[in-house]
Amino acid sequence: MSNALLEIRKLRVNIGERALLRDLNLTIRAGETHVLMGQNGAGKSTLAAAIMGNPAYTVVSGEILFEGEDITGESTDKRARRGIFLSFQNPGEVPGVTLESFIRAAKGAREGASAPRMLAFRRELNGAMDGLGIPREYADRDLNVGFSGGEKKKSEILQLLALRPRLAVLDETDSGLDIDALRTVSDNIRAFKTSDNALLIITHNARLAEGIGVDFVHVLENGRIAVSGGPELVSRITERGFGKLTFDAP
Ligand SMILES: Nc1ncnc2c1ncn2[C@@H]1O[C@H](COP(=O)(O)OP(=O)(O)O)[C@@H](O)[C@H]1O
Ligand SMILES: [Mg+2]
C-alpha cells in the first residue's frame, strides 16, 4: 500500500467511558474519493474529529497513519501542516479574525516560505471567492461571524481551495446549501480533486456524491463500518434507507 494516504487500523475512540468508534479500519489512497454515510449518532463526526486529532476524543487503541507515519498521538496543528483538513459540520465563528487573515495565517503555517506574498495571495483568494460566489468584501469580515449557514459552508470550501490539503474531510458540507450553492460547492470540490489528493466526504446527499464522483462508500453503524461498496450504494441507501443494508454488530 505504497500510496495509502490515510490508514486507520482497529481504531477505538472513547468519550469518557463510552466507546464511539470500535475497531474501525479504513484506508484511503491518493486519488480516491470516499463517502461516509450512516444514521445520526453513528459516529461519523467522531471519526472526522479523530482523524484531525481533536483532544476531546480519546484514542483507546489502534492507530492512524498518514503517508505511512504514525500520527495517532500528534496535535491537530501538526496534522494540518501535514496536509490534513477538516471542514466542520458546524463551523465556528471567530470574532476579531478576518476571513482573509485566517486563511493567510493557515496557509503560511502550512506552506512556510513558499506561501504566496500578499498581493498574489489576495489575487488567488479573490479568484476562489468569485468561483464560489462569495462576495469579495467578505474577506474583510470576521471569520464566519454573522454568516448564514450556507455562507459558513462556502467559507470552509474557500479554506480548502486556499490550503490545498492532501486529505480533505468534509463533514456534511452540503447541509444548509440551496440547490445552486450545492452545485457551486460540488463543482469546486471536483475541481480541487486531483490524482494526488483524497477526499472523505460525510454526507446524506446523493446529489453531492454524484456531483463530485465517488470511488467508495462506507456505512458507519454503531462506531464501526458495517458495509462498504461502490457508488451504487448511495442510491440504494437513498431509496431504501439504512435499515436493510446494515446488520447488528456482533
Ligand atoms: N463531545 C461529545 N461528548 C459526548 N458525547 C458525544 C460527543 N461527541 C459525540 N458524542 C456522541 O457520540 C455519538 C456519535 O456522535 P457523532 O460522531 O457526532 O455522530 P454522527 O456525526 O454520525 O451523527 C452520539 O451519540 C453523540 O451524542
Ligand atoms: Mg455528524
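In which helix does Ser235 lie? Ser235 lies in helix H8, residues 232-240. This is a predicted model: local features need pLDDT of at least 70, side-chain atom pairs count only at pLDDT 80 or more, and totals for chains, interfaces and linings use all residues. Residues are numbered from 1 along each chain as its sequence is written, while chains are lettered from A and ligands numbered from 1 in the order in which they are written. Helices (H or I, at least four residues) and strands (E, at least two) are DSSP runs, numbered from the N terminus.

**Ser235**

- Ser235 counts as partly exposed because it has 13 C-beta neighbours inside 10 Å. The classes rest on other C-beta atoms, placed from the backbone, within 10 Å of the residue's own: buried means 20 or more, exposed 12 or fewer, partly exposed in between.
- Asn205 is 30 residues from Ser235 in sequence, and their C-alpha atoms are 9.7 Å apart.

- The shell around ligand 1 consists of Ile15, Leu20, Gly38, Asn40, Gly41, Ala42, Gly43, Lys44, Ser45, Thr46 and Ala56. A residue belongs if its C-beta atom, placed from the backbone, lies within 6 Å of the ligand.
- By class, the shell has four nonpolar residues, six polar and one charged. Nonpolar covers Ala, Val, Leu, Ile, Met, Phe, Trp, Tyr, Cys and Pro; charged covers Asp, Glu, Lys and Arg; the others, Gly among them, are polar.
- Helix H1 (residues 44-52) gives the largest share of this shell, three residues.
- H1 is largely enclosed by the rest of the structure, because eight of its nine residues are buried. The buried ones are Lys44, Ser45, Thr46, Leu47, Ala48, Ala49, Ala50 and Ile51.
- Gly53 follows H1 and has a positive phi, near 80 degrees.

**Packing of H3 and H5**

- Two packed helices are described by the angle between their axes and the distance between the axes.
- The axes of H3 (residues 99-111) and H5 (residues 149-163) come within 10 Å and cross at roughly 35 degrees. Axes are lines fitted to C-alpha atoms, for helices over the stretch in contact, with angles from 0 to 180 degrees between N-to-C directions.
- The crossing is right-handed: the near helix is turned clockwise from the far one by less than a right angle.
- Leu99, Ile103, Ala106, Lys107 and Arg110 of H3 meet Ser155, Leu158, Gln159, Ala162 and Leu163 of H5. Contact means C-beta atoms, placed from the backbone, within 7 Å.
- This contact has six nonpolar, two polar and two charged residues.

- The largest nonpolar core has 59 residues, and Val35, Leu167 and Val169 have the most contacts inside it. Such a core is a set of buried Ala, Val, Leu, Ile, Met, Phe, Trp, Tyr and Cys residues joined through C-beta atoms within 7 Å.
- Beyond four places in sequence, Leu167 touches Leu5, Leu6, Ile28, Gly83, Ile84, Phe85, Asn197 and Ala198.
- Arg166 sits in the loop between H5 and strand E9 (167-171). With 17 C-beta neighbours inside 10 Å, Arg166 is partly exposed.
- Leaving aside neighbours within four places, Arg166 contacts Leu5, Gly83, Asn197 and Ala198.
- Arg166 and Asp196 are 30 residues apart in sequence and 7.1 Å apart, C-alpha to C-alpha.

- Most residues other than glycine have a negative phi.
- Lys10, in strand E1 (residues 4-15), has a positive phi of about 45 degrees. Lys10 is exposed, with 11 other C-beta atoms within 10 Å.
- Glu172, in the loop between E9 and helix H6 (179-192), has a positive phi near 50 degrees. Glu172 is buried, with 20 other C-beta atoms within 10 Å.

Definitions and conventions
Contact = placed C-beta atoms within 7 Å.
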